[in-house]
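Reader: I have a model open and a few quick things to ask. Can we go through it?
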Amino acid sequence: LTVLALSGRFALDPILGDHLPYVTFFMAVAVTTWYGGLGASLTAIGLSGLLSNWFFIPPRQTLVVPGIMQQVGYATFFIVCLAIVAFGQAARRARERAEVVMDGLRREIRERMRAEEQLASAKRRTETILESAGEAIFGINIEGLSTFINPAGAEMFGYRVEELLGKNSHEILHHSYPDGRHYPVCECPIYASLRDGKMHRA
């Protein structure tokens with residue numbers, strides 16, 4: 001890149017003459033900083049300074065910088081290049097950190113999707129087993145609402161599955177004694193198990 005910058009400055013030399021001796025070398029330093037490491041960037045700065053001084057700062061083909069303006073310009077070139085390297089390295093580290101974070105996020109998303117697929121597959125297998133069972137199987141939450149019932153269970157109670165899901169099972173199935181008297185929920189062994197977590201016989 002430094003050689004390309006030198007060739008570009010030679011191509012502009014008939015137009016620029018002794019003015020702007022570093023104009024193409026700034027780009028070489030910036031590109032080297034972005035794609036190369038710190039060592040490559042500092043090497044590009046050193047080579048660019050020597051080449052621009054030798055070929056484009058009067059008196060040419062000497063490393064002497066006689067005039068105060070040339071010396072200030074030479075020092076400014078190095079300061080600006082070091083600033084470019086500092087900002088470039090900071091941006092590069094930020095990009096690398098962002099890539100690490102993105103890789104972690106992508107891995108987490110893949111793992112979560114895999115876990116969700118496994119959970120959905122297990123749920124489908126469980127539902128298939130329960131639905132194909134000949135015995136009545138149903139589940140209720142702590143509020144007493146039906147969360148699952150297989151076709152055999154719905155048929156046993158004289159309902160369709162969709163008529164029982166999300167409904168209060170005690171009000172539908174245990175609402176009264178065989179003699180017609182009201183069956184209070186406080187006496188229901190199923191609800192007693194929900195309340196205290198213990199086994200109750202009906």
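Reader: How much of the protein chain is buried?
Author: Buried residues make up 26% of the 202 residues; buried means under 20% relative accessible area, exposed over 50%, and partly exposed in between, with a 1.4 Å probe and protein chains only. This is a predicted model, where local features need pLDDT of at least 70 and side-chain atom pairs count only at pLDDT 80 or more, while totals for chains, interfaces and linings use all residues. Residues are numbered from 1 along each chain as its sequence is written, and side-chain values use heavy atoms, with hydrogens and water left out.
Reader: What helices and strands does the protein chain have?
Author: There are 8 helices and 2 strands, counted as DSSP runs numbered from the N terminus (helices H or I, at least four residues; strands E, at least two). From the N terminus on, the order is α-α-α-α-β-β-α-α-α-α. The protein chain is more spread out than a compact globule, because its radius of gyration is 40 Å, well over the 17 Å that the globule rule gives for 202 residues. That radius is taken over C-alpha atoms, and the rule is 2.2 Å times the number of residues to the power 0.38.
Reader: What box do the C-alpha atoms fill?
Author: Roughly 120 × 30 × 25 Å, along the principal axes.
Reader: Switching topic. Where is glutamine 70?
Author: Glutamine 70 is in helix H4, residues 68–132. Glutamine 70 counts as partly exposed because its relative accessibility is 27%.
Reader: And what does glutamine 70 touch?
Author: Tyr22, Ile57, Pro58 and Val65, leaving out residues up to four places away in sequence; contact means heavy atoms within 4.5 Å. Isoleucine 57 is 13 residues from glutamine 70 in sequence and 7.5 Å away in space, C-alpha to C-alpha.
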